[in-house]
Amino acid sequence: MSPIAYTGAIIAVAVVLFVSNRLPVVIVSMLVALALWATGVLTIGQALGGFGDPAVIFIASLFVVSAGLEITGVTAWAGQLLIRGAGEESRTRLLVLTMSLVALLTALISVNGAVAALLPVVVVIAVRLRRNSSQLLMPLVFSAHAGSMLALTGTPVNVLVSDAAGDAGVGMFGFFEFALVGVPLLAGTMAIIILFGKQLLPERNGATMPSDFSRHAKTLVEQYGLASGVFLMRVRANSPYVGALPSAIDLAAYPELQLVAVQDGETASPLRRAVVAEGDHLLLRGEAAAAAAFASEKHLAFREEASSGKGEETLFNRSSGLAEVVIPPRSGLIGQSVFPGMVTESGDLIILAVQRGGAEIAAGATRHGGGIKLQAGDTMLLQGTWKALDSHLDDPDVLVVNSPDLVRRQAVPMGPGARQAVAILVAMVLLLATGVVPPAVAGLLAAGAIVLSGIMTVEQSYRAIGWTTVILVAAMMPLSTAMMETGAAKLMAEHLVDVVGDAGPLALLAGLFVMTAIMGQLISNTATALIIIPISVAAAAAMGISPRPVLMSVAVAAAAAFLTPIATPTNLMVMGPGGYAFSDYWKLGLPLLLWFFVVAVFIVPLIWRF
């Protein structure tokens, strides 16, 4: 067999395997790379060369930046803005705000990141406003697809298209150049959904709904009897406690008060220094009048957000949070004595309350009184910094009821590190927009800054990367190389040009759009783009036209993944919460696909001339 025949056979088998979904896409893509080497189409260096490609490095770095924004609560902040601005009556206003926000986030942090961040927010809005989730979730995802065309970082396909334009010698697309076509795509998408969405979308709710943690803190403090009477006091410079041992804090004159913990003023973690210093905090529980008198006598200042004594504001904020854990059978903690105010063995967490059978059992227990011995099934409420909660609750001796990391992402807008994350994002966008450095360098600098600033650890950054996407792109890239080097792309392009005949470049764009859109409904749009891009470049060369409008048209077609739930991970992500059936997607997706066709075939050439 000739190299072209081998390449064609590998493409055919890969498409069948992608559609059948019997093997993970990562395995299929790796088999493609290995098959190209085994058949002699490519050398081993060429077959594995995609793993060192700058476009792949850039895509991987975007996952880290996206996770940094989510971890620091930037996306939660955006979601809360949406809830405040949505109102209760206007469907149009709610849809416009939702679609605008997800499009903006998508342009900056990718489709998957934006939809994952806003999915629980939109479900909560549906519940609170008594609206069917099916009327909101598909518009959320389809607007994200349109928003992916607003900037280079919106989708890996944009990166691949820009890279291909550079390789073709016509210059890479600018960071915001995609918005020239992205804005009409988004405007048309929003208009179609607002005008026809109610009729084309089903009226139902999903059986599986994401958990709402927006009121998690209030729920916990009420359950454990801490809804009021919890105070956080700052030690002033003239307080008699400055320079004193924590054990010197005597509340004998205030029997209505209980000292829960002494916290470091800078870290909000339990005090590890030998003596108390100015700026440290005392966490007390008791009556408001006694707390005010004690603060006045000892020159202590109420922290502003804690002055009301509301437990959820005092214990659950940007610097620290709460976690509920259960003592499982055979836990090593069974039989150990604990008491409210006790610092855990790690020195980073404080036990606020213990319950057995839903009732508090250790409210008055003290260290000197021996505390109370834990039993299987007991629950404890722990308080500490978010970092401490994340790192110390993987102990097999306890079961965490709700992940602190997941709770923080939903309930703590603009948390620790949020300003740094936003600054890093802005810096990356500026580098990409000005072209001072290559995109891969800008992405690596941003991802490195996320880690060095302490927003994420190296291990967290590894977990944040969507390795399925990265490996898919890296392993499929050699297929594009093979299609160009063997002449397969040129051959397919010539056949396409022959089919469109003398109809001209517009017919070429139409043919490429149909080919890309059909494949994109069945397999990953990233994989589709990697197959179509070399064909489109070769077809442009065969017709003697610029590849820029052809490549941009392919990018638009790849984003038009509307007709099936398997077209993209985000389409599948909303299927359960929205209660959608397979057939629900094409009803709204078809008019959107037609609009994308109009933009790709008729508007793109007006912006990027042939």
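Predicted model: local features only at pLDDT ≥ 70, side-chain atom pairs only at ≥ 80, totals over all residues.
Residues are numbered from 1 along each chain as its sequence is written, and side-chain values use heavy atoms, with hydrogens and water left out.

**The chain overall**

- The protein chain has 26 helices and 11 strands, taken as DSSP runs numbered from the N terminus (helices are H or I with at least four residues, strands E with at least two).
- Its C-alpha trace spans about 95 × 55 × 45 Å along the principal axes.
- Of the chain's 610 residues, 54% count as buried (under 20% relative accessible area; exposed is over 50%, partly exposed in between; 1.4 Å probe, protein chains only).
- Take the contacts in the chain with a separation of 6 or more: 79% of them come from residues 24 or more positions apart (contact means heavy atoms within 4.5 Å).

**α19 against α22**

- The axes of α19 (residues 467–486) and α22 come within 9 Å and cross at roughly 20 degrees (axes are lines fitted to C-alpha atoms, for helices over the stretch in contact; angles run from 0 to 180 degrees between N-to-C directions).
- That makes α19 and α22 roughly parallel to each other (under 35 degrees is roughly parallel, over 145 roughly antiparallel, 65 to 115 roughly perpendicular and the rest oblique).
- On the α19 side you'll find Leu472, Val473, Met476, Met477, Leu479, Ser480, Met483 and Met484, and they meet Thr526, Ala527, Leu530, Ile531, Pro534 and Ile535 in α22.
- Sorted by class, the contact of α19 with α22 has 12 nonpolar, 2 polar and no charged residues (nonpolar: Ala, Val, Leu, Ile, Met, Phe, Trp, Tyr, Cys and Pro; charged: Asp, Glu, Lys and Arg; polar: the others, Gly among them).

**α22 against α23**

- Helix α22 (residues 525–543) also packs with α23 (residues 547–559), at an angle of about 160 degrees and with the axes 9 Å apart.
- α22 and α23 are therefore roughly antiparallel to each other, and α22 passes α23 in a right-handed crossing.
- From α22, the contact uses Asn525, Ile532, Ile533, Ser536, Val537 and Ala540, while α23 brings Pro547, Val550, Leu551, Val554 and Ala558.
- In the contact of α22 with α23, the count by class is 9 nonpolar, 2 polar and no charged residues.

**The five-stranded sheet**

- An open sheet of 5 strands runs in the order β8-β7-β10-β5-β11, with antiparallel pairing (two strands pair if DSSP finds at least two bridges between them).
- The edges belong to β8 (359–360) and β11 (399–400); each has a single partner strand, so one side of each is left without a neighbour in the sheet.
- Inside the order, β5 (residues 320–326) and β10 (residues 379–385) pair in the antiparallel sense over 7 bridges, with Gly321 standing opposite Gly384 in β10.
- Helix α11 (residues 216–223) packs on this sheet, touching β5, β7 (349–356) and β10, and its direction makes about 60 degrees with that of β5.

**The four-stranded sheet**

- A second open sheet goes β2-β3-β1-β4, its 4 strands pairing antiparallel.
- Strands β2 and β4 (300–302) sit at the edges and pair on one side only.
- On average, neighbouring strands of this sheet are turned by 35 degrees against each other, direction ignored.
- Although β2 (residues 257–263) is an edge strand, 5 of its 7 residues are buried, so β2 is largely enclosed by the rest of the structure.
- β2 and β3 (residues 281–286) run antiparallel and are joined by 6 bridges; Leu259 stands opposite Leu284 in β3, and Gln263 opposite His281 in β3.

**Loop residues to look at**

- Ser269 is in the loop between β2 and β3, yet counts as buried at 13% relative accessibility.
- Leaving aside residues up to four places away in sequence, Ser269 touches Val262, Gln263, Asp264 and Thr385.
- His299, in the loop between α12 (288–297) and β4, has a phi near 55 degrees, a positive value in a residue other than glycine.
- At 32% relative accessibility, His299 counts as partly exposed.
- Arg330 has a phi near 65 degrees, again positive in a residue other than glycine, and lies in the loop between β5 and β6 (337–338).
- With 78% relative accessibility, Arg330 counts as exposed.

Conventions: Left-handed = near helix turned anticlockwise from the far one by under 90°.
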